[in-house]
Amino acid sequence: MVPDTPEEIGALQYELAARGFAVTDPAGEYGPGTRHAVMAFQKLHGLARDGVAGPQTLGALASAGAVEPRLGRHPHIEVDLAAQVVIVVEAAGNVTALDATSGAAATATPQGSYRIFRQVDGWDPGPWGPLYRPKYFVGGIAFHGGYPVLASPASHGCVRLPDASVDWLWSSGVATVGTPVDVY
């Protein structure tokens, strides 16, 4: 059964947030923020990636633990290319998983350890089109907002996030210039 009442959706949102998945919709509303949180959960747990909290996803959620970063609890950002998820670790050790789309095979997001070195609080022109609030971490590769955030790699190398997630990166201060970024 897929949650369809505000109470059921609110309970789903609570469970996702309790495990570290960013839910940006109002409580009880199954909008794009909840779909992206469900998709990130599905990606990290090897489930079908459709953003729908069906029986298999709900069963996995019931027994799932919190998101665990691979590289420790120091402040940094991890990009899990296989899962297509970004994991943000804050200074206090809080962990947040964000739905993401990285570079397609022909324009793969480069693996390695980097730091955010430049950011633009607005639209920044790029060779493949304008980028929403980019935070660059290697060459012309950045975290940025934009549509669509898909189940599989599809970008020109950047790490595309839902706009609400990019806005959170800016407003929370967790991704300032100098923040370590590990791509694996």
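Reply: Happy to walk you through it. Searching the whole structure turns up 7 salt bridges, and please keep in mind that this is a predicted model.

D121 pairs with R133 in a salt bridge whose closest N and O atoms are 2.7 Å apart. This pair links distant parts of the chain, since D121 sits in the loop between β5 (118–119) and β6 (123–124), while R133 belongs to strand β7, 12 residues away.

β7 covers residues 131–138, and 7 of its 8 residues are buried, so β7 is largely enclosed by the rest of the structure. What does β7 pair with? Its partners include β5, which runs antiparallel to β7 and is joined to β7 by 2 bridges. Here you can find R118 standing opposite Y136 of β7. β6 also pairs with β7 in the antiparallel sense, over 2 bridges, and there W123 stands opposite Y132 of β7. The hairpin of β6 and β7 has 6 residues between the strands, and in this hairpin G129 takes a positive phi near 125°.

β8 pairs with β7 too, again in the antiparallel sense, this time over 4 bridges. In that pairing K135 has F143 of β8 as its bridge partner. The hairpin of β7 and β8 has 2 residues between the strands, with G139 taking a positive phi near 55°.

Leaving out residues up to four places away in sequence, F137 touches T109, Y114, R115, I116, F117, A142, F143, V159, V181 and V183. F137 also belongs to the largest nonpolar core, which has 22 residues; V86, F137, F143 and L161 are those with the most contacts inside this core. The elements that each give two or more residues to the core are β1 (76–80), β2 (85–89), β7, β8 (141–145), β9 (159–161), α4 (163–172) and β10 (180–183). α4 gives the most, with 3 residues. There is a second, separate core as well, with 19 residues, F21, A37, V85 and V95 among them.

With residues up to four places away in sequence left out, T179 touches H76, I77, Y114, R115, I116 and V174. T179 is found in the loop between α4 and β10, and its relative accessibility is 9%, so T179 counts as buried. Along the chain T179 and Y114 are 65 residues apart, but 8.4 Å separates their C-alpha atoms. A polar atom of the T179 side chain lies 2.8 Å from the backbone oxygen of T176.

D99 bridges to K43, with the closest N and O atoms 2.5 Å apart. D99 is in strand β3 (residues 95–99) and K43 is in helix α2 (residues 32–44), so this pair ties together parts that are 56 residues apart in sequence. D99 counts as buried at 3% relative accessibility, and K43 counts as buried at 4%. R70 and D80 form another bridge, with 3.9 Å between the closest N and O atoms. Their pair links the loop between α3 (55–63) and β1, where R70 lies, with strand β1, where D80 lies, 10 residues apart. R70 is exposed, with a relative accessible area of 57%, while D80 is buried, with 7%.

Methods:
Residues are numbered from 1 along each chain as its sequence is written. This is a predicted model: local features need pLDDT of at least 70, side-chain atom pairs count only at pLDDT 80 or more; totals for chains, interfaces and linings use all residues. Side-chain values use heavy atoms; hydrogens and water are left out. A nonpolar core is a set of buried Ala, Val, Leu, Ile, Met, Phe, Trp, Tyr and Cys residues joined through side-chain atoms within 4.5 Å. Buried means under 20% relative accessible area, exposed over 50%, partly exposed in between (1.4 Å probe, protein chains only). Contact means heavy atoms within 4.5 Å. A polar contact is a pair of N or O atoms within 3.5 Å; within protein, one must be able to donate a hydrogen and the other to accept it, and residues adjacent in sequence count only if both atoms are side-chain atoms. A salt bridge is a side-chain nitrogen of Lys or Arg within 4 Å of a carboxyl oxygen of Asp or Glu. Two strands pair if DSSP finds at least two bridges between them.
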